Amino acid sequence: MDFINGVFEAAGATLGIVNANKDLIKLAYDSAVQLTGKEPKDLTNEEWEQVRSKYPKAVEYLERALALH
């Protein structure tokens with residue numbers, strides 16, 4: 001949950017709450033953990049691509065939120 005809150009804070013600090021949907025960020029986080037058993041911050045590029053192939057929209061949104069930081 002710290003990861004989700006950190007992403008949410010970064011997005012909120014830069015563009016405001018309008019550009020950060022906590023439900024989508026949580027979905028991407030939960031999907032990554034469920035698929036790999038790891039925190040998203042600990043994923044290898046290969047694992048990240050695996051998550052992206054299964055959950056493309058959620059990962060796209062999470063990457064946009066992370067890019068704001």
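Leaving aside its neighbours within four places in sequence, which residues is Val 59 in contact with? Val 59 reaches Ala 28, Trp 48, Val 51 and Arg 52, where contact means heavy atoms within 4.5 Å.

## What you are looking at

This is a predicted model, in which local features need pLDDT of at least 70 and side-chain atom pairs count only at pLDDT 80 or more, while totals for chains, interfaces and linings use all residues. Residues are numbered from 1 along each chain as its sequence is written, and side-chain values use heavy atoms, with hydrogens and water left out.

The protein has four helices and zero strands, giving the pattern α-α-α-α along the sequence. Helices (H or I, at least four residues) and strands (E, at least two) are DSSP runs, numbered from the N terminus. Of the 69 residues, 33% are buried. Buried means under 20% relative accessible area, exposed means over 50%, and partly exposed lies in between, with a 1.4 Å probe and protein chains only. Among contacts between residues at least 6 apart in sequence, 45% join residues at least 24 apart.

## The nonpolar core

In soluble globular proteins, nonpolar side chains tend to be buried together. Here the largest nonpolar core has 10 residues: Ile 25, Ala 28, Ala 32, Leu 43, Trp 48, Val 51, Ala 58, Val 59, Tyr 61 and Leu 62. A nonpolar core is a set of buried Ala, Val, Leu, Ile, Met, Phe, Trp, Tyr and Cys residues joined through side-chain atoms within 4.5 Å. Two or more residues each come from α2 (22–36), α3 (45–54) and α4 (56–67). The biggest share, four residues, is given by α4.

Leu 43 is a core member that sits in the loop between α2 and α3. Leu 43 counts as buried because its relative accessibility is 13%. Not counting residues up to four places away in sequence, Leu 43 touches Ala 32, Thr 36, Lys 38, Trp 48 and Val 51. Leu 43 and Ala 32 are 11 residues apart in sequence, and their C-alpha atoms are 8.5 Å apart in space.

## Two sides of α3

Which residues of α3 are buried? They are Glu 47, Trp 48 and Val 51. These three lie on the same side of α3 because they cover an arc of only 100° around the axis, the arc being that of the directions from the helix axis to the C-beta atoms. On the other side of α3, you can find Asn 45, Glu 46 and Ser 53, which are exposed.

## Where α2 meets α3

Now look at how α2 and α3 pack: their angle is about 115° and their axes are 10 Å apart. Axes are lines fitted to C-alpha atoms, for helices over the stretch in contact, and angles run from 0 to 180 degrees between N-to-C directions. From α2, Ala 32, Leu 35 and Thr 36 meet Glu 47, Gln 50, Val 51 and Lys 54 of α3.

## Other residues of α2

Asp 30 is in helix α2, and it counts as partly exposed because its relative accessibility is 32%. Asp 30 and Pro 40 are 10 residues apart along the chain, with 9.0 Å between their C-alpha atoms.

Gln 34 also lies in helix α2, and this residue counts as exposed because its relative accessibility is 64%. Gln 34 is 17 residues from Val 51 in sequence and 9.5 Å from it in space, C-alpha to C-alpha.
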